[in-house]
Amino acid sequence: MIGLATRLFAFWTVAGTLLAWFVPPLFLWVVDARFAPFGQPLVSVMLGVVMLGMGLSLTVEDFRRVLRLPKAVLAGVALQFTIMPLAGFALAKLMGLEMGLAVGLVLVACCPGGTASNVVAFLARANVALSVTMTMASTTVAVFATPLLAGSLAGVFVDIDRWALFQSMIAVVLVPVVVGVALRALLPTVTRWVEPIAPLVSILLVVLIVGAIVARSKDLISMHAGVLLVALFLLHATGFALGYVLTRLFGFDEQVARTASIEVGMQNSGLGSTLAAAPSFAAQFANPMQAALAPVPSAISAVYHVVLGSLLASWWRRRTERGT
């Protein structure tokens with residue numbers, strides 16, 4: 001039952017977004033500072049729990065796979081942090097996006113692959129073990145790569161505090177993942193009980209984060225819906241397409257190419273939303289309206305990448321079943 005609910009992540013994301021659009025009060029509590037666990041924004045704590053769940057799912061064998069598949073993992077991570085950031089920057093410039101939207105688009109493009117990509121890889125008959133390994137590797141690299149790339153590319157639009165972004169990555173990504181890995185090693189019995197429900201909890205929390213951003217930014221999304229929908233469709237379509245084509249050109253087989261396509265095309269939009277909504281990030285904008293726009297691309301991205309990824313997975317799955 002839990003497995004079926006997890007595989008329906010695309011449905012939950014779309015349903016949550018629609019619910020947030022039509023009934024915003026159901027989600028606003030996530031971002032209105034009503035709750036601040038440990039003195040931290042609730043969104044940051046939620047994402048920390050998501051990353052903790054990722055850490056709980058990792059074993060020593062996952063790290064060994066990096067050594068057994070070094071070329072495929074290296075190619076996937078390299079494409080993740082070249083195709084998407086450059087595509088995000090190019091689209092922001094070519095489409096003349098407002099400062100806040102441009103920064104938000106570049107930021108989500110500089111994020112690592114999303115954990116939902118592992119489910120899509122399974123549905124697409126891709127290499128699930130490689131998908132998990134690529135997600136783990138890109139998430140680890142992102143602790144350094146995301147602040148550097150976002151600072152360089154988004155810095156064209158507004159001065160980005162790379163150090164503050166790096167500190168956020170440490171707090172909401174690296175520490176929870178390390179704690180999760182440690183808990184799995186030290187408390188295996190507890191981990192075995194928690195692990196089956198962790199993916200569903202992660203999906204729920206990401207839906208809440210995205211829904212909250214949509215609820216809070218409903219008017220802004222309405223004002224910029226046309227350009228946002230086009231820009232984010234092009235961003236993710238570019239990631240899926242070039243991730244596949246370039247991996248095939250590098251000489252990898254069909255399964256690896258599918259996996260790389262999914263990893264590159266699907267971003268950790270929850271991370272993008274959390275980083276963009278952080279007070280330290282918003283403080284970099286002289287205009288509060290532009291600061292409010294920055295988390296919006298990540299919220300739209302969350303819907304786009306799961307829908308496009310699911311459609312692509314369905315097509316590949318049918319091709320595999322037909323033997324073509």
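Trainee: Where in this model does Thr259 lie?

Mentor: In this predicted model, Thr259 lies in helix 14, which covers residues 254–265.

Trainee: Why is Thr259 called buried?

Mentor: The term buried is kept for residues with under 20% relative accessible area, and because Thr259 has a relative accessible area of 0%, Thr259 counts as buried.

Trainee: Leaving aside the neighbours within four places in sequence, which residues are in contact with Thr259?

Mentor: With those neighbours left out, Thr259 is in contact with Ala126, Asn127, Leu130, Ser131 and Met134, where contact asks for heavy atoms within 4.5 Å.

Trainee: What makes the pairing of Thr259 with Gln255 close enough for a polar contact?

Mentor: A polar atom of the Thr259 side chain lies 2.8 Å from the backbone oxygen of Gln255, and the cut-off for such a pair is within 3.5 Å, so the distance meets that limit.

Trainee: How far apart in space are Thr259 and Tyr244?

Mentor: Their C-alpha atoms are 8.1 Å apart, while in sequence Thr259 and Tyr244 are 15 residues apart.

Trainee: Turning to helix 13, where is its kink centred?

Mentor: Helix 13, made up of residues 218–249, has a kink of about 75° centred on His224, and His224 is also one of the buried residues of that helix. Just after helix 13, Gly251 takes a positive phi of about 95°.

Definitions and conventions:
Residues are numbered from 1 along each chain as its sequence is written. This is a predicted model: local features need pLDDT of at least 70, side-chain atom pairs count only at pLDDT 80 or more; totals for chains, interfaces and linings use all residues. Side-chain values use heavy atoms; hydrogens and water are left out. The bend at a residue is the angle between axes fitted to the seven residues ending there and the seven starting there. Helices (H or I, at least four residues) and strands (E, at least two) are DSSP runs, numbered from the N terminus. Buried means under 20% relative accessible area, exposed over 50%, partly exposed in between (1.4 Å probe, protein chains only). A polar contact is a pair of N or O atoms within 3.5 Å; within protein, one must be able to donate a hydrogen and the other to accept it, and residues adjacent in sequence count only if both atoms are side-chain atoms.
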